[in-house]
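This report describes the strand pairing and the nonpolar core of one protein model. The sequence and structure come before the details.

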Amino acid sequence: MKKKILLIGVFILLICGCTNVKDLSYDDIIDTISIKEKKPNTFKKGYQYFLPKGIDLETSGTNYSILSSVDATYYLYVDLVSYLNKSDFEYKNNSDTVYSKKINRNDKIGYVEIKLWENNKYLIEIMYNYAKIEVMVEENLINKALINSICILNSIKYNDIVIERLLNDDELSYTEETFELFDEEKNSENNLEYKEETNIDEEQQDEIKDTDFIN
C-alpha cells in the first residue's frame, strides 16, 4: 500500500497541473498530501505558496488570490487569523455531495468536497493547511483540478512574525476581504460568489498596495 501511494505521489509531483490523470481515484490523489510539498514560488504578506505550471495569478488581496488556467479559475483564500490562533474544527462527511472526505495529514486538518453544480459542472472545495481553494470544472477535469489545488495548499508556508505584525497593525481587521474558514456556521457555497461580485477597481488598488508580492 505504501509503495502504491509513493508511486502515485511521485507521478503527481512530476505532472502537477499539466497532465491527464483520469485513472486515479479521488482517494489516491488526496493521499498524496503526505508527499513532500513543492518549493514556493509566489510570495505574499505573511505567507508563500507554489503555483503550478500553467496557472497564473490574476489578482490578489491580503488573504485571497484569483488564479487562472486555460480550463479553470481557482479561488484561493488564506485564513491568517485561524493559522496564528491554531484554530481547530470538526468536519462530518457530507452525504449531499459526490465526494466528501476529511483530511488529517502531517498534523494538519481539512476536508474535500465535490458537488454537482449547474450545467453539469462540479464545484470542488478543498480546505487544508489553514487555506481553502474553490474551483468549478467539467467532470473530466476534476482530477486535474484536485491535483493543482493540493499542490498549492500543501505548499503554503506561513511567516508568524509578519502575520503578528499585520494583526498588530490592524491590517487583518474583519473587512470585506476577510473570512473564517473554521466557522462551522459559514455557508461555504457563498465564497465563489464573493470574489465575482467584488469591484474591479478595489481589487486593483489592493494589488498595488501589496508591495510584498513578487511575481
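Strand β2 (residues 47-49) and β10 run antiparallel and are joined by two bridges. Within this pair, Tyr47 has Tyr158 of β10 as its bridge partner. Strands here are DSSP runs of E with at least two residues, helices are runs of H or I with at least four residues, and both are numbered from the N terminus. Two strands count as paired if DSSP finds at least two bridges between them.

The open sheet that holds this pair has three strands in the order β1-β2-β10, with antiparallel pairing. β1 (42-44) and β10 (157-158) are its edges; each has a single partner strand, so one side of each is left without a neighbour in the sheet.

## Basis of the model

The model is predicted: local features need pLDDT of at least 70 and side-chain atom pairs count only at pLDDT 80 or more, while totals for chains, interfaces and linings use all residues. Residues are numbered from 1 along each chain as its sequence is written, and side-chain values use heavy atoms, with hydrogens and water left out.

β4 (residues 64-68) pairs with β5 (residues 73-78) in the antiparallel sense over five bridges, and a hairpin of four residues connects β4 to β5. In this pair Ile66 lies opposite Tyr75 of β5. β5 also pairs antiparallel with β9 (residues 131-137) over five bridges, where Val78 is opposite Ala131 of β9. Five of the six residues of β5 are buried (under 20% relative accessible area with a 1.4 Å probe, protein chains only; exposed is over 50%, partly exposed in between).

## Nonpolar core

The largest nonpolar core has 44 residues, of which Tyr49, Leu67, Leu76, Ile124, Ile156 and Tyr158 touch the most other members. Such a core is a set of buried Ala, Val, Leu, Ile, Met, Phe, Trp, Tyr and Cys residues joined through side-chain atoms within 4.5 Å. Helix α4 (residues 142-155) gives the largest share of this core, eight residues.

Leaving out residues up to four places away in sequence, Tyr49 touches residues including Pro40, Leu57, Leu67, Leu76, Ile152 and Ile156; contact means heavy atoms within 4.5 Å.
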